[in-house]
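This report accompanies the sequence and structure shown below. Please keep both in view while reading.

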2 protein chains.
Amino acid sequence: MSRTLRRGDEVTGQVNDAVQAAVERAAAAGEAWRATPPAERATVLEGVSDALLKHAEELWPAAAEETRLPEARLRGEIARTAAQFRLFADVLRDGGWVEAVIDHPDPGATPPCPDVRRMNHPLGVVAVFAASNFPFAFSVAGGDTVSALAAGCPVVVKAHEGHPRTSDLTASVVRQALPDPDLLGLVHGFEAGAPLVKHPLVTAVGFTGSLAGGKAIQKLIDERPDPIPFYGELGSVNPVVVLSSADPAEVASGFAASLTLGVGQFCTNPGLVFVPAEGGFEQAVAEAVGATSGGPMLTDKIREGYLRASGRLAERLTVLASGGAVDGITPQVFAADLEAFADGLPELGEECFGPSAIVVRYRDPADLPAVLRRLPGSLTATVHAAGPEEARDLVPVLNRLAGRLIWNGWPTGVAVCWAMHHGGPWPASTAPAHTSVGAASIRRWTTPVAYQDWPADLLPPELRDDNPLGVPQRVDGRPRV
Amino acid sequence: MSRTLRRGDEVTGQVNDAVQAAVERAAAAGEAWRATPPAERATVLEGVSDALLKHAEELWPAAAEETRLPEARLRGEIARTAAQFRLFADVLRDGGWVEAVIDHPDPGATPPCPDVRRMNHPLGVVAVFAASNFPFAFSVAGGDTVSALAAGCPVVVKAHEGHPRTSDLTASVVRQALPDPDLLGLVHGFEAGAPLVKHPLVTAVGFTGSLAGGKAIQKLIDERPDPIPFYGELGSVNPVVVLSSADPAEVASGFAASLTLGVGQFCTNPGLVFVPAEGGFEQAVAEAVGATSGGPMLTDKIREGYLRASGRLAERLTVLASGGAVDGITPQVFAADLEAFADGLPELGEECFGPSAIVVRYRDPADLPAVLRRLPGSLTATVHAAGPEEARDLVPVLNRLAGRLIWNGWPTGVAVCWAMHHGGPWPASTAPAHTSVGAASIRRWTTPVAYQDWPADLLPPELRDDNPLGVPQRVDGRPRV
């Protein structure tokens, strides 16, 4: 794999050369890829899906060694990653992703309307910063990569330093299934980030990671002569509101499981739980969390970050319950009254990445909206209740706070489907109009082009009146049926 | 109009108070507006449309005095602005703008898919920076304002200092037609920009103006604790490629008219024209431009900017033709060989706002792509040719350079329709996935929310299985028919 740079390369010049080469190769390979009909790209994506499954036996052990995640979780994650490639094959065959719109001339309009036809086109080379916590689903072959490839964009991934070997192996598997291996570049090392973001041929950046990392990337983008779109997922506290009609035992067991899933290293980890002061919720949660245990974290940096952040919480709040320590990591749940919690904002509303949460007691659910409105944006918000009426007033608060609302469930786990939205107000997303998971995530890597009075012979097939590809079209303001 | 601040207010504290008040009032008024069913919002927009037409006799004279634009143009622009409100009424009644997607549960999916339903919701208060060059269509009641109001967002406009009285009058007309006048706030003065962009309740910014202005806004946004989306249109040179089969006389007359329309003060002004060295194109253009004349520009600042920028071009390039001077403003066309032009990039590719352009002579059309690829992003790119074959190789170059491709026409003038795209790579747009004109511009002011396993009683009607509003839905991956 001569075109990747190994971890440990300390010479910035070498890193820079590797980035330049990867981007240039990707751009060159991208010319044929963007011109490949979407149905053919779909077949390629299915081939990648098959290849990932076929190589699962090599992939998961590498990831297990590097991330300390268990086999079953990693096998499941490979299956999910492969399924993402299949979803985007479906997206390409459907054709709705190009958002074809045709307006025939209307000389009577104000102003008069010529023949105008618009559809989405691929942007160009996409830079992807892999995440630590999903070594497959949000890494080299993750959601950003597959959606960009589907759109017709070549990709250069900056590997996460937490799993370099898994990254190399994954890239190798994907490349072999692509018509041109250069469609997926891989670079290693912290120093690779800046030249990648600043490369003139890079047209957009995808990122899943920390607030600090996201801010650094935005700064690099602003320094470009031509700032490019930045799609970053930077953090989320995922508030859960438990209403008094919910069942304390069910809430407690579900919460404890969600909190400690993957040692709490999910961007959708439930970090804030609002419970009624009466009804035994707090005690049930304490018991359930007390029965959990920690585990090894993904990297030393993440481990240190968790210990530091949960230590800060311990200085300010009462510990409601702790799970068993494994590898020095203890799930911890803190407790606060609603008023004290509100007084501690914004600090108490910040994400603590790992198996820790704050249980916030409230006496009157009518006091919740004012506090919820002060929380930072989240990927998810959850309600637990026996029926809808009790929650009605919360909906218009929650749907401005988070990109996904969950009923009587838990936020960890993100379905990969057409309707999924994985985003939300900052810092959940740097671009709240867009999702990083699901069919609509392809839109991030596209740009519309309108063709005015354009000759039919030169139109993309998606914009022709005879619609040879059978894509969904909106014609003269109405969906074509 | 007590809630607006008059031009000339020098006290920053007062400006700041006015901004705070306008944003807070807009946010308060927005609560009922976002909860108003889209069909009712449509009726309101039609009322605004009627009001603008009804008050045209007061509006155009104010604008004529402040902008020096002629009556016919201003009357046309009011009609267009009113038509935009009607288009968005249609958009709301159609319902496709919410992009309703329903996935029923699929326990067999990888990972298993719960019931997930997604649609777009309004963001919140939108800050709009009005442009100078369209005192109606891109100002207080312009495309940003109407699309934001349609989405369910209240708006606070920072008036352009070039037409403060027109801005006040327009705001007054619109406010009287809104259910709550506070849905449209208006603030004046350069100092209003920063507190507006930084106000915690502002959720997105729309801007049409200069590169420097756009960069300043991006900087303010980056300084927010929660950076928000920025939709800016910052400049465009709008290249035109004339191929040898085109008719020199038609090209020349069309070009001269487009170049000098509105004294060249269109963001879609054709600033670069590539013509064959042979065939008499250059001479025809010289003659046609020689017969044009200048006119008063919108503001002293714009006038000075034009004189400075065209003066700089005159130092570097041969003057091919000049029109007649009116009010000290002369249309000017410069000439350069393709090689010399390429050597002068990137400077020669920068927009010169006003009736000036560079005619670039080429000998071999095969030399064009390499130069076109070095141009900055544009709102439009145009081809003139007798038939499609000659242009085939240019399409994949042009559709990465500009957001709208025009065949045998001229870029000035933007139709307001479903298929329009008014955007492009930076600096044409800060967000190349989005348009600032046409039906799709509403998307900028929305954010998707996914509802997972959500009770039907609490779902928005657009996401219900019985689809009571009859909106276009995608159900289980297929458009519902």
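The sections below treat the basis of the model, chain symmetry, salt bridges, surface charge and backbone features.

## Basis of the model

The model is predicted; local features need pLDDT of at least 70, side-chain atom pairs count only at pLDDT 80 or more, and totals for chains, interfaces and linings use all residues. Residues are numbered from 1 along each chain as its sequence is written, chains are lettered from A and ligands numbered from 1 in the order in which they are written, and side-chain values use heavy atoms, with hydrogens and water left out.

## Relation of the two chains

Two copies of a chain are related by a rotation about an axis and a shift along it. Here, chain B is superposed on chain A by a rotation of 180 degrees with 0.0 Å of shift along the axis, and the RMSD is 0.0 Å. The two copies are therefore related as by a two-fold rotation axis. The superposition is by least squares on the C-alpha atoms of residues with pLDDT of at least 70 in both copies.

Which residue of chain B comes closest to the rotation axis? It is V481(B), whose C-alpha lies at 3.3 Å from the axis.

## Salt bridges

Over all chains, the structure holds 50 salt bridges. A salt bridge is defined as a side-chain nitrogen of Lys or Arg within 4 Å of a carboxyl oxygen of Asp or Glu. One of them joins D50(B) and R86(B), with an N to O distance of 2.7 Å. This pair links distant parts of the chain, 36 residues apart: D50(B) belongs to helix α2 (residues 38–54) of chain B, and R86(B) to helix α4 (residues 71–94) of chain B. Helices (H or I, at least four residues) and strands (E, at least two) are DSSP runs, numbered from the N terminus. D50(B) counts as partly exposed because its relative accessibility is 41%, and R86(B) counts as partly exposed at 34%. In these terms, buried means under 20% relative accessible area, exposed means over 50%, and partly exposed lies in between (1.4 Å probe, protein chains only).

Helix α4 of chain B also holds both E71(B) and R75(B), four residues apart, about one turn of the helix. These two residues form a salt bridge in which the closest N and O atoms are 2.7 Å apart. E71(B) is partly exposed, at 35% relative accessible area, and R75(B) is likewise partly exposed, at 32%. A further salt bridge brings together the side chains of D226(B) and R224(B), at 3.1 Å from N to O. Is R224(B) buried or exposed? At 4% relative accessibility, R224(B) counts as buried, whereas D226(B), at 26%, counts as partly exposed. Elsewhere, E99(A), R443(A), E99(B) and R443(B) are joined into one network by salt bridges that share partners.

## A patch of negative charge

On the surface, E339(A), D343(A), D364(A) and D367(A) gather in a patch of negative charge. Patches are made of residues with over 30% relative accessible area and no salt bridge; like charges are joined within 9 Å, and nonpolar side chains (Val, Leu, Ile, Met, Phe, Trp, Tyr) within 5 Å. D343(A) counts as exposed because its relative accessibility is 67%.

## Backbone features in loops

Two cis peptide bonds may be noted. The bond from L345(A) to P346(A) is cis, with omega near 5 degrees, and P346(A) is found in the loop between α12 and β12 (356–362) of chain A. The bond from W426(B) to P427(B) is also cis, with omega near 10 degrees; P427(B) is found in the loop between β14 (402–407) and β15 (446–452) of chain B.

Positive phi values also occur in residues other than glycine. For N408(A), phi is near 50 degrees; this residue is placed in the loop between β14 (402–407) and β15 (446–452) of chain A and is partly exposed, with a relative accessible area of 39%. N467(B) has a positive phi of about 45 degrees and is placed in the loop between β15 and β16 (473–475) of chain B. N467(B) is buried, because its relative accessible area is 14%.

## A buried strand residue

V157(A) is found in strand β4 (residues 155–158) of chain A and is buried, with a relative accessible area of 0%. Its C-alpha atom is separated by 9.5 Å from that of D144(A), 13 residues apart along the chain.

Terms used: Accessible areas come from the Shrake-Rupley method with a 1.4 Å probe; for residues, only the protein chains shown count as cover. Lys and Arg count as positive and Asp and Glu as negative; His and the chain ends are not counted. The place of a charge is taken as NZ of Lys, CZ of Arg, CG of Asp or CD of Glu.
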